[in-house]
Amino acid sequence: MTTETAVQDSVDIFADEVLENPYEAYGRLRDQAAAVYIPARELWAVTRYEAVREALGDPGTFSSTAVAFNPQMNEVLKGTTLATDPPDHQHLRKVLSQNLSPRALRSVKADIETKADTMVRELAEQDEFDGMQDLARALPLNVVVDMIGIKDPEIRAKILTWGEAAFNLLGPMNERAQNSFPVAKELFDWTHNIQVSDLTEGSMGHGIFAAAERGDIAYESCGMIIHQYVAAGMDTTIASIGNAIMLFAEHPEQYAKVREDPALVPSAFNEVLRMHSPLPATGRKTMRDVEVDDVVIPEGSQVALLLAGGNRDERHYPNADTFDVTRNPVDHLTFGYGIHGCAGQGLARLEAYAALGSLAKYIKSYSVSDFTRKITNTTRSYESILVTDIVRA
């Protein structure tokens, strides 16, 4: 199938109604073809599991230099691991990842579990609480700012707002993105002017400057890497913990399984990530004409890899719309795949396992009486989740 005869769809994947609930639109696109042209955004959507995974694993063809869906932000992101292809990617990734390796994270595991245990134990004593504000946001914020080593209380208070603005700028240059530019610039200015003395000794941030001292990276890369910790280190984890709280409320029989067997927490979290990817789509640019099934995507095209669409592909996951905590879909697409797989996924898992394990430990059952969605250009999350009818364990 040539470009001229390829399937086209009139959907705007960045319309508010699609950002709020992408599954109907993504499912329709997936049923039509593995690659569908979207004239409304002048991009190609890769829709099916195998095609998305193959694209993620082929940076030579699907370049991360267009990870954002607007040229201004892709220009800003030059030199970061997020938007850099091999061979430069490996050097930056090594420094970014060394403090997020399984070995490095072992030293913070107990602290994360203690923080989560304390939070949830106190929340379980209340008649109601906001699952987003009091747990999904509170835990990652507490963990990440301490790990980076941010001392200044005024900066710590701005981190969540900065992170949200950064994700808004990964989408199209709409009003939401334009309004986020001044906020994101604050983060950019802070990270690119930061000094090692601003960070706690022994922290990850301090370690990045130590890598520059050793000559492992250039000094100008230090701010870029810290920028990624802040911009990408929390929003998706926050969204995923919130999604878990909602899914357990919607499927109490699945929550009961986790309570009966806490060893299911990792499997349950993988299923949460498969059911609701906090980043429904990510951007790429084709470096050559590439055939996806029988469709040719031309060189130089903006591509949207529909992670949330691939995660619901019945060709790969039978009963894909069913939430099953025993499924354990370790190959879900939410954390990406290949060299650009999420560097912080180990930390995200530690935080989520601690939060969900503590919920199962202290709360026998609960309901959600009200919730509000948060619409952003690239992440899918909640603004608030009112947890009520709490039965303490």
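User: Where does P153 sit?

Analyst: P153 is in helix α9, which covers residues 153-168. Keep in mind as we go that this is a predicted model.

User: Buried or exposed, that P153?

Analyst: P153 is exposed, because its relative accessibility is 60% and the cut-off for exposed is over 50%.

User: And how far is P153 from T372?

Analyst: In sequence, P153 and T372 are 219 residues apart. In space, the C-alpha to C-alpha distance between P153 and T372 is 28 Å.

User: How does the lining of the largest pocket divide by class?

Analyst: There are 7 nonpolar, 5 polar and 4 charged residues in the lining of the largest pocket.

User: Let's stay on α6. Where is its kink centred?

Analyst: The kink in α6 is centred on V108, and the angle is about 45°. V108 is also one of the residues closest to the centre of the largest pocket.

User: What about the end-to-end span of α6?

Analyst: α6 has 23 residues, so at 1.5 Å a residue it should span 33 Å. The C-alpha atoms at its ends are 31 Å apart, which agrees with that.

User: Which residues of α6 are buried?

Analyst: The buried ones in α6 are L105, V108, I112, K115, A116, D117, M119, V120, L123 and A124. So V108, where the kink is centred, is on the buried list too, with its relative accessible area under the 20% cut-off.

User: What do those buried residues of α6 pack against?

Analyst: Their partners are β4 (129-130), α7 (132-136), α8, α17 (345-362), β9 (363-375) and β10 (380-392).

User: Since β10 came up, where's S381, and is it buried or exposed?

Analyst: S381 is in strand β10. It is buried, because its relative accessible area is 8% and buried means under 20%.

User: What does S381 touch?

Analyst: Leaving out residues up to four places away in sequence, S381 touches M132, A239, R373 and K374.

User: And D389, what's its phi?

Analyst: Phi of D389 is near 50°, a positive value in a residue that isn't glycine. D389 also lies in strand β10. With a relative accessible area of 54%, D389 counts as exposed.

User: Why flag a positive phi?

Analyst: Because most residues other than glycine have a negative phi.

User: Where is D293, and what is its phi?

Analyst: D293 is in the loop between β6 (290-292) and β7 (295-297). Its phi is positive, about 55°, and D293 isn't a glycine either.

User: Last topic, cavities. How many of 30 Å³ or more are there?

Analyst: The structure holds 3 of them. The second largest cavity has a volume of about 110 Å³. Of its 13 lining residues, L19, Y26, P280, A281 and N377 are the closest to the centre.

User: What's the class breakdown for that second largest cavity?

Analyst: The lining of the second largest cavity has 9 nonpolar and 4 polar residues, with no charged ones. The lining of the largest pocket, on the other hand, has 4 charged residues.

How values were computed:
Residues numbered from 1 in each chain as written. Predicted model: local features only at pLDDT ≥ 70, side-chain atom pairs only at ≥ 80, totals over all residues. Heavy atoms only, no water. 1 Å grid on protein atoms, 1.4 Å probe; cavity = no way out; pocket = protein on both sides within 12 Å on 5 of 7 lines; lining within 4 Å. Nonpolar A, V, L, I, M, F, W, Y, C, P; charged D, E, K, R; others polar. Helix = DSSP H or I, 4+ residues; strand = E, 2+ residues; numbered from the N terminus. Expected span 1.5 Å × (residues − 1). Bend = angle between axes of the 7 residues up to and from the residue. Buried < 20%, exposed > 50% of the residue type's maximum accessible area, 1.4 Å probe, protein only. Contact = heavy atoms within 4.5 Å. Points joined across faces, edges and corners; volume = space filled by probe spheres on them.
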